Amino acid sequence: MEQPCKHAKVEEDTSSSGNKQGQSSSSGEKTACIPSKLTVDELRDELRCRDLPTTGLKPALMDRLSAALEQPGANKHRMGLSQSEKRRRRPTNKKEPAREEYKTDEEFQLAWTRWRESRDNNNESVKRSRALAKQKRDEQERIHREREQQNAQLEKLVGQMKNEVVFLNKVLKTPELLDAQELSQLEDLLTRGMPPAT
């Protein structure tokens, strides 16, 4: 459906000023391209508009753009949009349609329905994203609990083995000092350590 005239005008202005002949400010004057005053994103935009590589750190981007500007016949003005211009020209289609923006009730109702459907779809996407994030957190917590239980069991087993080593050391060094309880413990230990009978 048709958008209000004021919105159409903004879109026409945006498309006409977005070419590669040098971006203009709101007053119609071109902005000089000074690499040292540009951000990394703006440097890459300028390089991209000039069909130059956009990889590297800021110093490399500045040197590459400076070299391009020094070439004979090079465009000395900004060819990409500045960050402020990008923010200004960002579409505002998330705003709820107002009745006074449309000529008829049918146009307004259609626009509002589309806006509502877009909002609902966005809300559903957010819910799914949050549900997936929660599911991932729950799974990580489950794995963490299982590992804690396994670690506790291993620590218990290691402690038991240390006690058995101390006991066996006593058996080897001073078997004559073993009492009845220790002899029973030794018998149980040997029984558990023997392979099953076939």
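Colleague: In this predicted model, is Trp112 buried, exposed or partly exposed, and which value decides the matter?

Modeller: The class follows from relative accessible area: under 20% is buried, over 50% is exposed, and partly exposed lies in between. Trp112 has 27% relative accessibility, and therefore counts as partly exposed.

Colleague: How does Trp115 count, buried or exposed?

Modeller: Trp115 counts as buried, because its relative accessibility is 10%.

Colleague: How are Trp112 and Trp115 placed along helix α5?

Modeller: They are three residues apart in helix α5, which means that about one helical turn separates them. Trp112 and Trp115 also form an aromatic pair.

Colleague: What is the geometry of that pair of Trp112 and Trp115?

Modeller: Planes under 30 degrees apart count as stacked, those over 60 as edge-to-face, and the rest as tilted. For Trp112 and Trp115 the angle between the planes is 50° and the distance is 5.9 Å centre to centre, a tilted pair.

Colleague: How many aromatic pairs does a search of the whole structure find?

Modeller: The search finds two aromatic pairs. One of them joins Tyr102 and Phe108: the ring centres lie 6.3 Å apart with the planes at 50°, so this pair is tilted. Tyr102 and Phe108 are both buried.

Colleague: Let us turn to the surface. Which residues form a nonpolar patch there?

Modeller: The patch consists of Leu154, Leu157 and Met161, which together have about 290 Å² of accessible area. Met161 belongs to helix α5, which covers residues 105-173.

Colleague: Why does Met161 count as partly exposed?

Modeller: Met161 counts as partly exposed because its relative accessibility is 47%, and the class of exposed requires over 50%.

Conventions. Residues are numbered from 1 along each chain as its sequence is written. This is a predicted model: local features need pLDDT of at least 70, side-chain atom pairs count only at pLDDT 80 or more; totals for chains, interfaces and linings use all residues. Side-chain values use heavy atoms; hydrogens and water are left out. Patches are made of residues with over 30% relative accessible area and no salt bridge: like charges are joined within 9 Å, nonpolar side chains (Val, Leu, Ile, Met, Phe, Trp, Tyr) within 5 Å. Accessible areas come from the Shrake-Rupley method with a 1.4 Å probe; for residues, only the protein chains shown count as cover. A salt bridge is a side-chain nitrogen of Lys or Arg within 4 Å of a carboxyl oxygen of Asp or Glu. Helices (H or I, at least four residues) and strands (E, at least two) are DSSP runs, numbered from the N terminus. Buried means under 20% relative accessible area, exposed over 50%, partly exposed in between (1.4 Å probe, protein chains only). Rings of Phe, Tyr and Trp (its six-membered ring) pair if their centres lie within 6.5 Å; planes under 30 degrees apart count as stacked, over 60 as edge-to-face and the rest as tilted.
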